[in-house]
Amino acid sequence: MATRKCAAVVVGAGPAGVAVMGNLLERQLGTIAWIDPSFEAGRVHSKYREVPSNTKVSLFQAFAKATQPFQKIIDNTKSPNAFTKLAKLDQESTCTLGFAADMVRGLTDGLLKMEQVYACHGLVKSANLNEMTSNWTISIKRNSSEDLETIEAARLILCTGSFPTTAPIPVGGLDIQRLDLDVVLKPTELAETLPSDRPITVAIVGASHSAILAILNLTSLAQTSHPLLRISWFTRHPLRYAEYKDGWILRDNTGLKGLAANFARSELEDDKLATSPAGQVLAKIDCAGGPEIEAAQYQKYLPTCEYIVQAVGYTRTSLPNLTKDGAPLLLSFDHDTGTFHEAGRASDVPGLFGAGIAFPERVVDPHGNEEYAVGFWKFMKFLKRVIPSWVA
């Protein structure tokens with residue numbers, strides 16, 4: 001099969017991949033190859049439809065209208081559709097991520113019909129940079145074929161996503177089952193996964209947004225279909241909330257927002273827990289005070305648990321095999337520009353870029369706190385800023 005030449009190759013069709021496509025197509029660079037196994041809005045559709053957003057509906061709307069190709073898709077989509085559904089919601093409120101996932105799927109369907117888009121249902125196996133030409137040769141395995149297809153492009157953009165981090169279980173030799181965070185964030189699946197006919201205790205580790213949503217889902221099960229369910233919550237630090245300041249948000253990316261914040265404030269704070277509905281089914285185990293205290297708390301309380309959920313962050317999905325003239329590339333990502341550097345070199349790797357939850361923008365608030373910006377509209381704002389330099 002002959003090598004196809006394209007202006008760019010975009011890997012991933014989650015929210016960030018879709019945002020990249022909209023921004024690149026707006027610039028009319030030529031054909032853009034787009035690689036994804038399913039083109040179904042990534043994990044936000046497959047795993048997180050039931051998760052309440054911590055973003056206002058108006059920002060999902062802003063994302064949908066952020067580029068001229070997106071606007072064209074919306075104008076050409078028969079009503080009612082995912083876009084009209086978003087428009088009918090309270091714009092100042094949050095919504096379940098299913099609405100946002102459907103919006104991304106609607107944009108995806110429209111992008112796939114465009115002449116300048118060459119879509120491959122499959123996975124990128126490897127990509128090699130030719131140092132002489134600064135072009136990438138990308139090998140793709142389609143879902144439907146054993147043969148590899150090759151594409152040559154000046155730009156390779158990775159929007160490859162992340163998945164929940166798992167850490168070693170803190171106490172060895174326990175007969176304890178791991179409960180995938182993705183399952184716990186999907187109440188319908190969680191209800192089917194846990195037994196309802198006998199007493200069980202679920203350990204949950206963490207105090208982040210996803211940890212609080214996991215506690216919310218587990219407590220509501222304990223209060224309804226699973227009355228014998230109990231929760232042991234292992235946490236190192238006090239609950240942290242996003243705080244709305246004059247024109248900016250403190251802990252915008254790390255603090256609790258929306259439904260999770262409301263639930264934590266009213267039921268999980270130390271002065272509320274003893275008398276709150278959540279407090280009737282949940283025991284908080286304070287692991288603050290250093291590694292020794294933490295280890296002792298796990299030794300004491302973890303053996304009474306049948307299941308453990310770790311809500312301790314997200315890990316980048318593994319990347320394709322990236323090489324330069326056949327030699328492995330050791331890369332570091334520049335969170336300010338969306339570019340990559342080779343280990344030990346200051347200059348950018350030509351034509352290689354990243355975006356989305358795997359490669360987010362670094363932001364610094366007016367107090368000097370540094371965070372990584374994760375969210376549909378945050379990805380879009382970042383791309384609007386950096387893509388002009390990517391295509392220059």
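Which residues does Asp286 touch, not counting residues up to four places away in sequence? Asp286 touches Thr235 and Gln297, where contact means heavy atoms within 4.5 Å. This is a predicted model: local features need pLDDT of at least 70, side-chain atom pairs count only at pLDDT 80 or more, and totals for chains, interfaces and linings use all residues. Residues are numbered from 1 along each chain as its sequence is written, and side-chain values use heavy atoms, with hydrogens and water left out.

**Asp286**
- Asp286 sits in strand 14 (residues 282-286); helices (H or I, at least four residues) and strands (E, at least two) are DSSP runs, numbered from the N terminus.
- Asp286 counts as partly exposed because its relative accessibility is 44% (buried is under 20% relative accessible area, exposed over 50%, partly exposed in between; 1.4 Å probe, protein chains only).
- A polar atom of the Asp286 side chain lies 2.9 Å from the backbone nitrogen of Ala288.
- Asp271 is 15 residues from Asp286 in sequence and 14 Å away in space, C-alpha to C-alpha.

**Helix 3**
- Val57, Phe60, Gln61, Phe63 and Ala64 are buried in helix 3 (residues 57-64).
- Seen down the axis, these buried residues fall within an arc of 155°, so they line one face of helix 3; the arc is that of the directions from the helix axis to the C-beta atoms.
- The buried residues pack against helices including helix 1 (15-26) and helix 13 (376-391).

**Strand 17**
- Strand 17 (residues 321-324) pairs with strand 4 (residues 117-130) in the parallel sense over 4 bridges; pairing needs at least two DSSP bridges between two strands.
- Leu322 in strand 17 is the bridge partner of Ala127.
- Strands 17 and 18 form a hairpin with 2 residues between them.
- In the turn, Asp325 has a positive phi of about 50°.

Terms used: Polar contact = N/O pair within 3.5 Å; in protein donor to acceptor, adjacent residues only side chain to side chain.
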